[in-house]
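Here are some notes to read beside the structure. Please keep the model open while going through the points.

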Amino acid sequence: MQEKAKDNIRRRLLETGRNLAVEKGAEYLTARKLSEAAGCSVGAIYNMFASMDDFVAEENEQTLSELYEALCSAAGGDKDKGYRNICAYAACFNRFVADRRALWTLFYNFHLNLRDYQLSVGYRRWLVRLEKLLAPDFAAMFPTMEKRRLRLAQKVLAESLMALSTLPESKNSAARSAVLLNTYLAGLMMLNRG
């Protein structure tokens with residue numbers, strides 16, 4: 001019975017934190033503001049989470065899960081299309097970030113400030129799942145590229161899209177991302193030939 005009560009408090013804190021981040025902004029999410037909004041003490045938060053970093057990491061896991069689901073549906077099961085799927089993933093990523101700007105800011109700021117924080121196994125699994133989504137499409141586009149270079153190329157693209165996602169949103173955001181993606185892929189094709 002006590003475990004169920006703890007689970008309910010944990011879920012309420014996560015839901016309240018998510019709502020605070022969306023409504024007020026990622027920078028508003030502090031232990032004090034969370035405790036006020038959830039109607040509990042700051043101590044209750046730290047009984048559920050070892051630190052606010054642990055709390056934010058768990059919020060981010062939910063964001064990663066939602067991103068993964070969105071990207072899985074973006075390519076439409078077209079497993080052998082390479083370029084088309086990569087473009088669909090990038091467009092989906094841009095929409096996802098635009099629709100969840102505050103949650104994405106929470107995620108991005110967390111990663112900028114990681115330093116000594118140890119990500120949980122579950123968190124790292126989400127990152128690997130996301131990375132693996134692009135693997136078949138990169139392999140289809142660059143069949144002769146060495147696997148290690150292919151993985152590195154995927155990571156560079158992911159980091160570039162993440163960096164672009166931090167720029168202020170404008171009506172040209174999607175076009176800017178498409179130009180970056182096409183330029184990057186064209187550059188990879190030239191490197192792969194030479």
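1. Rings of Phe, Tyr and Trp (its six-membered ring) pair if their centres lie within 6.5 Å; planes under 30 degrees apart count as stacked, over 60 as edge-to-face and the rest as tilted. In this sense Phe93, Phe96, Trp104 and Phe107 form one aromatic cluster.

2. This is a predicted model, in which local features need pLDDT of at least 70 and side-chain atom pairs count only at pLDDT 80 or more, while totals for chains, interfaces and linings use all residues. Residues are numbered from 1 along each chain as its sequence is written, and side-chain values use heavy atoms, leaving out hydrogens and water.

3. The whole structure holds eight aromatic pairs. Phe96 and Trp104 make an edge-to-face pair, 6.5 Å centre to centre with 90° between the planes. Phe138 and Phe142 make a tilted pair, at 6.1 Å and 35°. Phe96 and Trp104 are buried (under 20% relative accessible area, with exposed over 50% and partly exposed in between; 1.4 Å probe, protein chains only). Phe138 and Phe142 are buried too.

4. Leaving aside neighbours within four places in sequence, Leu185 is in contact (heavy atoms within 4.5 Å) with Tyr83, Ile86, Phe138, Met141 and Phe142.

5. Helix α1 covers residues 2-24; helices (H or I, at least four residues) and strands (E, at least two) are DSSP runs, numbered from the N terminus. Among its buried residues are Leu13, Gly17 and Leu20. The buried residues of α1 pack against α2, α3, α4 and α6. Just after α1, Gly25 has a positive phi of about 110°.

Technical notes. The expected span of a helix is 1.5 Å times one less than its number of residues.
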